[in-house]
Amino acid sequence: MDAYDSGSDATQGAKAAQEPQAPPAPAVLPGMAVDSPATPVDSPAPGAPPGSPEPRTGVAALSPRYQIGAALALAVVAVAVCVHLGMVFLHVAPSNTVTKTHGEAIDDWIYPEFEQNWKLFAPNPLQQNIAVQVRAQIRTPDGSSRTTGWYDLSAQDGRDIDGNPVPSHTQQNELRRAWDFFTASHDSDNRAVGLRGTLSETYLRRIVVLRLERGGATGADGVVERVQVRSSSTNVDPPDWSTEKVSSQAVYRVLSWWSVLPGEAEGDVK
Amino acid sequence: MNRFTLSVSAAIARVTESALGPYQSAMIRIGFSATWLLFLLREFIHRGELYGPDSPWGWELARQLIDTNGAFTLLLWSDGRGWFEAVYGLALLSSAALLVGWRTRTMSVLFMVGVLSLQNRSVFMGDGGDNVVHLMAIYLVFTRCGRVWSLDARRERRAAEARARGERVTDAVGPVLWGVLGFALVVLTATGGFHSAWTVPALLWAVWSCLGLWWVVGRRARSAEPRILLDVIGNILHNSALVVIMAEACLIYATAGWYKVQGSRWQDGTAVYYPLQLDYFSPWPLLGDLLTSSGTMVLLVTYGTVIVQVAFPFTLFNRRVKNVLLAVMMLEHAAIAVILGLPFFSLAMIATDAVFLPTSFLRRLGRWAARARARLFSREGRATVPEPRAPENPRPSHVGFEA
């Protein structure tokens, strides 16, 4: 489900351009009262309750020359805030007239640090359980090799999450999002699209090898030679009180066999 | 026209002379730092697999991806285990220090560095909760979020008292911290340690320079004006950052709500049933079955969710309605934490909601906390600490959120 994904799939090629929150140097003068190395002797006490009578603060206490500086800072920050909020709005809004013509400027502003996706379970929640399964060809020391059955890695994640009040990202996100990343960066014939496609293949392969070894699938001193990954999508049964009918047959997407590099098989996944 | 000019100048005075919402900003500081700290502690045993040398998202893969998007992370400086442990440790310590408000501004910067470094190192490990913390960590840097409920506030109060007694107050920790961080910045910049787009490193340099400038101006300036100007600019940045944080919260709810309106499952009133049936989001399958056993209940929760999310930004114009909705949303997030097994996402969202809590409620919360602490200490054998003074609550306290 990409309901909770941060949608990083779109970072492709985007480069950060400007720092919306950091207007030119003179404006970035954060109120350091609280942790300034030494607080000026008669500064307005930062811990004081708001609204306590502090004579002569704010622009009113400044001479015209300094007031211009303050006004300038206010103008720069105000513009920066408006631009930033506008950019974020356009980034989360559906594709529209403005985003179609100025998409690049928006992406330059948003990526990489302000990327966001709040389509939480929307427009529709995921209605399928998508399980990633793997089988492996194991080479044993005597030179023979055998092919294992299919291991359901997502089911293992599901078991780890069951009854767990604080599921780890390694259980809830790692494999699930790696599969999302794979499908988003491959065409329907499972061909990699661009750099992200190849990155996602390496990533997915390392995850499944890691889990096969952790699960003891290799036996005493076997080595994983090749792996094959498939996904199995099963519709969630409609609720009891509904009259809907959906097929409960699993639909598979089977990838080709991948050779495992020597380093990966030994868990050296740097 | 004259009235318009007057109200504009009043508004300018308001945003320049003080940092608004001290309790709200302290609340989000505590909320986000606690969320991230608890997350780091929870994942401590998995840290190597998530962000470190044991990760299937290997250092080399991360480098290739970041080469294309310029995201900020310290972890590309070296692929060694020692460096990784140091950065993880920095993230842990800075969130703890930010939580208690020790050297708040500096720690908010280190907190941001920790969050960005880890999350950007392994961007595919995160979810919506990480996304919220990521954004808010950046925005928090611009706020004066340590003015209440912080060690800084206590230090400030004690220094003021000491000065009132005519004592000389010196602070050695600040300059030392500043010097150490300056050294780190120089080393990282010189060795190409940032490995990212220029924006975040520029922000780090800017904050560091400003901290130095603030110190110099406070100490050396002959007139009070440069200091007041810096104070004014600090207030402007703080108030703007609060606006951005609130707007961000509204965008989150508006996006979540408006996209749902278009979905057939949200229209036919069954949407809430489905996430509870997914293996990845059902830690308590029996509880999920129980909650979705009635179609009418599911319909009510489904429609209620959409209504609350779509409506929230507009209710900000009415305090009473806003506070009711705020309570509803916090409760819903607390429920999501348990039912969908998303505790850190929910904590982050509750922390975001907290920026809208009314001041009177937050002050009462502060007094409760102070009283609880006093009681705790007295039970440990110390003399009972007197009730904290409460001059700021002249109103009779009736239940709930009244601000």
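In chain B, residues 24 or more positions apart account for 72% of the contacts with a separation of 6 or more; two residues are in contact if their C-beta atoms, placed from the backbone, lie within 7 Å. Keep in mind that this is a predicted model, where local features need pLDDT of at least 70, side-chain atom pairs count only at pLDDT 80 or more, and totals for chains, interfaces and linings use all residues. Residues are numbered from 1 along each chain as its sequence is written, while chains are lettered from A and ligands numbered from 1 in the order in which they are written.

**Chain B overall**
- Chain B has 17 helices and zero strands (DSSP runs numbered from the N terminus: H or I of at least four residues for helices, E of at least two for strands).
- Buried residues make up 48% of its 403 residues, buried meaning 20 or more other C-beta atoms, placed from the backbone, within 10 Å of a residue's own.

**Annotated spans in chain B**
- An unreviewed UniProt entry marks "transmembrane region" at several stretches, including 83–102 and 198–217; such annotations may be inferred rather than shown by experiment, and positions follow the numbering used here, with feature names shortened.
- Residues 83–102 are 90% helix and 0% strand, with end C-alpha atoms 25 Å apart.
- For residues 198–217, it's 95% helix, 0% strand and 28 Å between the end C-alpha atoms.

**Where chain A meets chain B**
- 105 residues of chain A are in contact with 116 residues of chain B.
- On chain A's side, α1(A) gives the most, with twelve residues.

How values were computed
A residue is buried if 20 or more other C-beta atoms lie within 10 Å of its own, exposed if 12 or fewer, and partly exposed in between; C-beta atoms are placed from the backbone.
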